[in-house]
Structure formats: C-alpha cells, structure tokens
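My notes follow in the order in which I checked things.

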Amino acid sequence: MLELNIYIVDAFTKQQFKGNSAAVVPLKNWLAPDVMQSIAAENNLSETAFIRALSANQYDIRWFSPLTEIDFCGHATLAASYVIFNHLGAQGEIEFLTAKVGALLVNQHSDGRIEMSFPNQCPQVVEQVPAALLAGLLETPVQVLRNRQAYFAVMATEQDVKSLTYSSEQLKQLAPYDVVVTAKASAITKEYDFISRYFWPANGGDEDPVTGSIHAGLAPYWARQLDKSELVAYQASQRGGFLFCHLAGDRVLVSGFAVLYLKGTAYL
C-alpha cells in the first residue's frame, strides 16, 4: 500500500476559506496519469499539484483539475511553494520545471508572501469575436483579446464584472480556451487597480475562485492601460483573493499569501 501526503492550501489569501484551495501531493516518482487524474477528481478542488523533487530546490510540477491535466496553474504553484518552503524545509529560491511554460522561479519574502516568476502572456486583440463568447457572457464587452489560455473580455466598469451573469454551456463551446472578464477598478476603490472573474467550464468548473496563471496576461494588459508596472489585482469570486503583480522585463512576477487548511494521508 502506497501512502501519500496531501496538503490542502488556501492560496492568495491570509484567511482560511478565502482565496483558492489547491491540493499538493509530493511524490518520489510520477504515478500513472490516470491515477493522478483520479486523485484530482477525488480531491474535487479546482487543482491538484503533483510535485517531484529533483534536487534540494528544484522540482517537476504537474497540475490536474477534476477533469483534465492543465498546462499552467498559478494558485496551485503558490500552494506547492508554500508546502515546500514551510513543510519540506526549502530555503532560498526554488525552481519548478514544467512541460508547457518552461521554468518557474519562486521566492518567499520575509513577510511570508510568495512571489512567482511567470512568462509574460499578454493577450492580443481579437478581430472577430466568437458568437459563443457574446452569448455566454450575457453582457457586451468593450474589447476582446486572447492569449494561449483564455479570451479576455474587458468590461466598461467594475460593477459590470461583479454583476455579470453567464452561460456555462455557451462558454464551453470556446474550448480549449477559458474566459476572463476584467475592468479597471472604480475611482473610489483604493485596495486594487483592476478586477476580474474567471470561467473555465470546458477545463475545470464554472467559475474559478482565484486564478494566478491568468494574471500573466492581465498584469501586462493593465500595466499598459494604466501606465504602471506594479499593480494590485482582485479576483471577485465568492471567495475572493488578492494578487500582487510586477512587470520585470519579459517576466510577470505574481505574488500572494497562503494558509494551510489540512494535511492528510491517502492510501493507494
């Protein structure tokens, strides 16, 4: 019988039951993909991160939603980093090797905030907007862009993002792309620069609580619109979460806090 430690971490928050939960499973060797997918489905969180140590500060990482393996997940990377720094004894910079987005470098600040270095994935304007996107959002965006991960629907106001209703069946037709809706923070908002919500019915679920990876596209877009390189983002899901973003050359530094919810053991 194989015993596996499983950590459940709330990412992009300092409070339990806020931010986005991810499971983290340290492995000595990869399990069969169907077994890892079954574990992720059993966890039933937006992502389960499987990590495999290559050296003291270098890891392979793979991410699985309850439905499928994912190319890139920010909040589960933050959760995995939290476990490595705070429960597996790592010090200094750690490096994750990935199949789709290259190497990801991660550091922990003295205040506990974890900073991840992502590739810049700034979206480009879409000339022809898919009908399924417009039908799925039930609200007309002022601009639509896209990167390798998702369509970006820019709304006129922060309230448009918060009150938006959507059709999962329509958005599912956009697969393999997900959808993020976003807007500049209102003039009276002081806590953050821009707001977003993220929908991924084709790949994981209806609405993701907090999505670190999409800020590799959101941050450079809003940096250009707001003419600033350091931004605070708020993802306005029911749980909600804050992300701190900084543009550094061709990289996007995305950071946040995390808190452990549960450590348990699985038996296979």
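Is Arg239 buried, partly exposed or exposed? I found Arg239 partly exposed, with a relative accessible area of 26%. My classes are buried for under 20% relative accessible area, exposed for over 50%, and partly exposed in between, with a 1.4 Å probe and protein chains only.

Ground rules. This is a predicted model, in which local features need pLDDT of at least 70 and side-chain atom pairs count only at pLDDT 80 or more, while totals for chains, interfaces and linings use all residues. Residues are numbered from 1 along each chain as its sequence is written, and side-chain values use heavy atoms, with hydrogens and water left out.

Entry on salt bridges. I counted a salt bridge where a side-chain nitrogen of Lys or Arg lies within 4 Å of a carboxyl oxygen of Asp or Glu. By this rule I got eight salt bridges. In one of them Arg239 pairs with Asp10, N to O at 3.3 Å. The two partners are 229 residues apart, with Arg239 in the loop between E15 and strand E16 (241-248) and Asp10 in strand E1. I took helices (H or I, at least four residues) and strands (E, at least two) as DSSP runs, numbered from the N terminus. Asp10 counts as buried, at 1% relative accessibility.

I also looked up Asp60, which forms a salt bridge with Arg52, the closest N and O atoms being 2.5 Å apart. Asp60 is buried at 14% relative accessibility, whereas Arg52 is partly exposed at 22%. A further salt bridge joins Glu69 to Arg62, at 2.8 Å from N to O. Glu69 is partly exposed, with a relative accessible area of 34%.

Entry on Thr48. Arg62 came up again here, as one of the residues that Thr48 touches. Contact means heavy atoms within 4.5 Å. Thr48 is in strand E3 (residues 47-55), and I read 0% relative accessibility for Thr48, so this residue counts as buried. The side chains of Thr48 and Asn43 make a polar contact at 3.0 Å. For a polar contact I required a pair of N or O atoms within 3.5 Å; within protein, one must be able to donate a hydrogen and the other to accept it, and residues adjacent in sequence count only if both atoms are side-chain atoms.

Entry on helix H6. I found H6 mostly covered, with nine of its 12 residues buried. The buried residues include His215, Pro220, Tyr221 and Trp222. Asp227 follows H6 and sits in the loop between helix H6 (215-226) and strand E15 (230-235).

Entry on the backbone. Most residues other than glycine have a negative phi, and most peptide bonds are trans. Asp227 has a positive phi of about 55° although it is not a glycine. Phe12, also not a glycine, has a positive phi of about 65°. I placed Phe12 in the loop between strand E1 (3-11) and strand E2 (20-27). Which of the classes does each fall into, buried or exposed? Phe12 is buried at 2% relative accessibility, while Asp227 is exposed with a relative accessible area of 70%.

Last, I checked the peptide bond from Ala175 to Pro176, which is cis, with omega near 10°. Pro176 lies in the loop between helix H5 (168-172) and strand E12 (178-184).

Key:
Lists of a residue's contacts leave out its neighbours within four places in sequence.
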